[in-house]
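Please keep the sequence and the model in view while reading.

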Amino acid sequence: MEKYVITISRQFGSLGRTIAQNMSLELGIEYYDRDIVEATARRMGLPASEISQEEERSGGFFAERKYPLGMGLVSMQQEIFQIQSNIIRDLAKKESCIIVGRCADSILRDMDRVLNVYIYAPAEARIRNCTKILGMDEKEARRMLRDVDRAREIYRLKYCEGTREVFDHRDLMIDSSRFGAEGTAQLLCGVARQLFGWS
């Protein structure tokens, strides 16, 4: 079968990673999330925790990293984005897969056979997911919803060319609170099977 890619963008606490895991099992393809961070860290010679911290940093003050041989200073986040973009393109060329986050919908915008999904849910449903599934207290959950969603949106607007609205580069948006993680995954697998031409 010809290769295809499903990208999943998500609001914090909407169970996007769990949905990707369920889809991976159902479709028999790999899903990539933290693997991309770890591969980036290896290429940059940095701890994965530092890559994650830089990814989520918001506010517009970007750390700079000095290059050897007098090449000057460059934004560390720009370097991370370029490396992750290369990793995502390599994965998409190599195999059918699911890629979670990291602006994959925009990075692969010129590639055929890609389904770009955005998973969202009302704030109260996401807070319940954070407290019951992730073990956060409610105050922490509310803070994380605000801070992580804001950081992701700033990152997306900065690095995704032509992005102005939440639906740019996205084919399908789904409220995971309506169907649950398993039900959402089943619906998305059905869409993928129809779109990519197999049953």
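Helix α1 passes helix α8 in a right-handed crossing. The model in which this is seen is predicted. Two packed helices are described by the angle between their axes and the distance between the axes. Here, α1 covers residues 16–27 and α8 covers residues 176–196. Their axes come within 9 Å and cross at roughly 40°. That angle makes α1 oblique to α8, because angles under 35 degrees would count as roughly parallel and those from 65 to 115 as roughly perpendicular.

Which residues of α1 meet α8? On the α1 side they are T18, I19, N22, M23, E26 and L27. Their counterparts in α8 are S176, A181, E182, T184, A185, L188, C189 and R193. By class, the residues of this contact between α1 and α8 divide into seven nonpolar, four polar and three charged.

The two helices belong to a protein chain with eight helices and seven strands. Of the 199 residues in the chain, 48% are buried. Among the contacts in the chain with a separation of 6 or more, 68% are between residues 24 or more positions apart.

The cysteines come next. How many disulfides does a search of the whole structure find? The search finds zero. A disulfide is a covalent bond between the sulfur atoms of two cysteines. For C103, the closest cysteine sulfur is that of C160, and the two sulfurs are 3.1 Å apart. A pair counts as a disulfide when the sulfur atoms are within 2.5 Å, so the sulfur of C160 is too far from that of C103 for a bond.

Are C103 and C160 buried or exposed? C103 has a relative accessible area of 10% and is therefore buried. C160, with a relative accessible area of 3%, is buried as well. The cut-off behind both assignments is a relative accessible area under 20%.

The last stop is R143, which is found in helix α7, residues 138–159. The relative accessibility of R143 is 38%, so this arginine counts as partly exposed. That value lies between the 20% limit for buried and the 50% limit for exposed. R143 and I127 are 16 residues apart along the chain. The C-alpha atoms of R143 and I127 are separated by 9.9 Å.

Conventions
Residues are numbered from 1 along each chain as its sequence is written. This is a predicted model: local features need pLDDT of at least 70, side-chain atom pairs count only at pLDDT 80 or more; totals for chains, interfaces and linings use all residues. Side-chain values use heavy atoms; hydrogens and water are left out. Buried means under 20% relative accessible area, exposed over 50%, partly exposed in between (1.4 Å probe, protein chains only). Axes are lines fitted to C-alpha atoms, for helices over the stretch in contact, and angles run from 0 to 180 degrees between N-to-C directions. Helices (H or I, at least four residues) and strands (E, at least two) are DSSP runs, numbered from the N terminus. Angles under 35 degrees count as roughly parallel, over 145 as roughly antiparallel, 65 to 115 as roughly perpendicular and the rest as oblique. A crossing is left-handed if the near helix is turned anticlockwise from the far one by less than a right angle, and right-handed if clockwise. Contact means heavy atoms within 4.5 Å. Ala, Val, Leu, Ile, Met, Phe, Trp, Tyr, Cys and Pro count as nonpolar, Asp, Glu, Lys and Arg as charged, and the others, Gly among them, as polar.
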